[in-house]
Amino acid sequence: MAKKKKSSGFAIETVKTIIYALLIAGVFRTLFFQPFWIPSGSMKETLLVGDFLFVNKMVYGYSYASCPSVRIESLGVDIDAKDLCGIFSGANTRLFGGLPKRGDVAVFRHPVSGRDFIKRIVGLPEDRIQFRNGILLINGDPVEREDAGIFAESSNPQGPAQVSPQCVNVASRQNSICEKQRQIETLPNGVRYSILNLRNQSSDNTQEFRVPEGHYFMVGDNRDNSSDSRYPTRVGGVGFVPLENFVGRADRLLFSSAGGSLFSFWAWRGDRYFKAIE
């Protein structure tokens, strides 16, 4: 009898420990840092497919988007941040923290789908943004850009989705070298970063966008392979991103793997561990 009671007590304590651990993890993820795995090449070469980082939530303060979304497709679990904290959405405001800055690499919730995206902030509220022959113009002034050679990578399929990269040299065979044109872009506030280009296409010449108050203009560094604010949400873009939709800022990588899974140790990129994101 005593043995049965002891076993029952151990089981209850185990369950309580698991619940406490989940609560602590939930609070940590909600208030401080959120893990993010890079699934696509839209931010190359700043971020590569398979990079793993933690998003700093404290820097922008808190909104409904600070609540975590829980999606486990294999189990049919799809709990959106609005399911948990939707009562706080709609005012387009935040508590504590500072405003997003031009040049920040930020994670935000897609205005329609609610999925997490990561892009670079190039347009602030009330800015005029346009692309002309691939050159970014902010309030009518072209952003400084200089050639920086060629970005080269393997043409092999990348990440869990096994998507092959797009190449300017039209490399199609596996184990060949895929190349893109590389430039360094410098924003008016001095933030410098590399961008990649393939060829002239429709997104290189856009209308002039006027960013609404309380919204931001987001663009991927891999300019010809990014669904961002240059495209409206009705055609798969993100449009203007409301302030309340920001999750946090990406500051530093923790880990990186070029393989199809985390356990592909032969594809780990040791040179990217703890690398600062610029």
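Tutor: A residue counts as buried under 20% relative accessible area, as exposed over 50%, and as partly exposed in between. The model here is predicted.

Student: Why is glutamine 162 called partly exposed?

Tutor: Glutamine 162 has a relative accessibility of 44%. That value lies between 20% and 50%, so the label is partly exposed. The residue belongs to the loop between β10 (144-154) and β11 (177-186).

Student: What makes the phi of glutamine 162 worth a remark?

Tutor: Phi is near 50° there, which is a positive value in a residue other than glycine. Asparagine 139 also has a positive phi, near 55°, and is not a glycine.

Student: Where is asparagine 139, and is it buried or partly exposed?

Tutor: Asparagine 139 sits in the loop between β8 (135-138) and β9 (141-142). Its relative accessible area is 32%, between the cut-offs of 20% and 50%, so asparagine 139 is partly exposed.

Student: How do you know whether valine 112 is buried or exposed?

Tutor: Valine 112 has 63% relative accessibility. The cut-off for exposed is over 50%, therefore valine 112 counts as exposed. Its place is the loop between β5 (105-109) and β6 (116-123). In sequence, valine 112 and valine 238 are 126 residues apart, while their C-alpha atoms are 8.0 Å apart in space.

Student: Why is the pair of phenylalanine 52 and phenylalanine 54 given the class it has?

Tutor: A pair of aromatic rings is described by the distance of the centres and the angle of the planes. Centres must lie within 6.5 Å, and planes over 60 degrees apart count as edge-to-face. By this rule there are 12 aromatic pairs. For phenylalanine 52 and phenylalanine 54, the centres are 5.6 Å apart and the planes make 80°.

Student: Which residues form an aromatic cluster?

Tutor: One such cluster consists of Tyr60, Phe108, Phe117, Tyr216 and Phe246.

Student: Which residues make the nonpolar surface patch, and how can isoleucine 79 belong to it?

Tutor: Val70, Ile72, Leu75, Ile79 and Leu84 make a patch of about 430 Å². Patch residues need over 30% relative accessible area. Isoleucine 79 is at 36%, so it passes that cut-off and counts as partly exposed. Isoleucine 79 is in strand β4 (residues 77-79).

Student: How do you know that the bond between lysine 44 and glutamate 45 is a cis peptide bond?

Tutor: Omega is about 0° at this bond. Glutamate 45 is in the loop between β1 (33-37) and β2 (51-56).

Student: What is there to say about the protein chain as a whole?

Tutor: The protein chain has two helices and 16 strands. Of its 278 residues, 42% are buried. Among contacts between residues at least 6 apart in sequence, 63% join residues at least 24 apart. The chain exposes about 14800 Å², with 58% supplied by carbon and sulfur atoms.

Terms used:
Residues numbered from 1 in each chain as written. Predicted model: local features only at pLDDT ≥ 70, side-chain atom pairs only at ≥ 80, totals over all residues. Heavy atoms only, no water. Helix = DSSP H or I, 4+ residues; strand = E, 2+ residues; numbered from the N terminus. Buried < 20%, exposed > 50% of the residue type's maximum accessible area, 1.4 Å probe, protein only. Phe/Tyr/Trp six-rings, centres within 6.5 Å; stacked < 30°, edge-to-face > 60°. Patch = residues over 30% accessible without salt bridge, like charges linked within 9 Å, V, L, I, M, F, W, Y side chains within 5 Å. Areas by Shrake-Rupley, 256 points an atom, 1.4 Å probe, with all protein chains shown as cover. Salt bridge = Lys/Arg side-chain N within 4 Å of Asp/Glu carboxyl O. Contact = heavy atoms within 4.5 Å.
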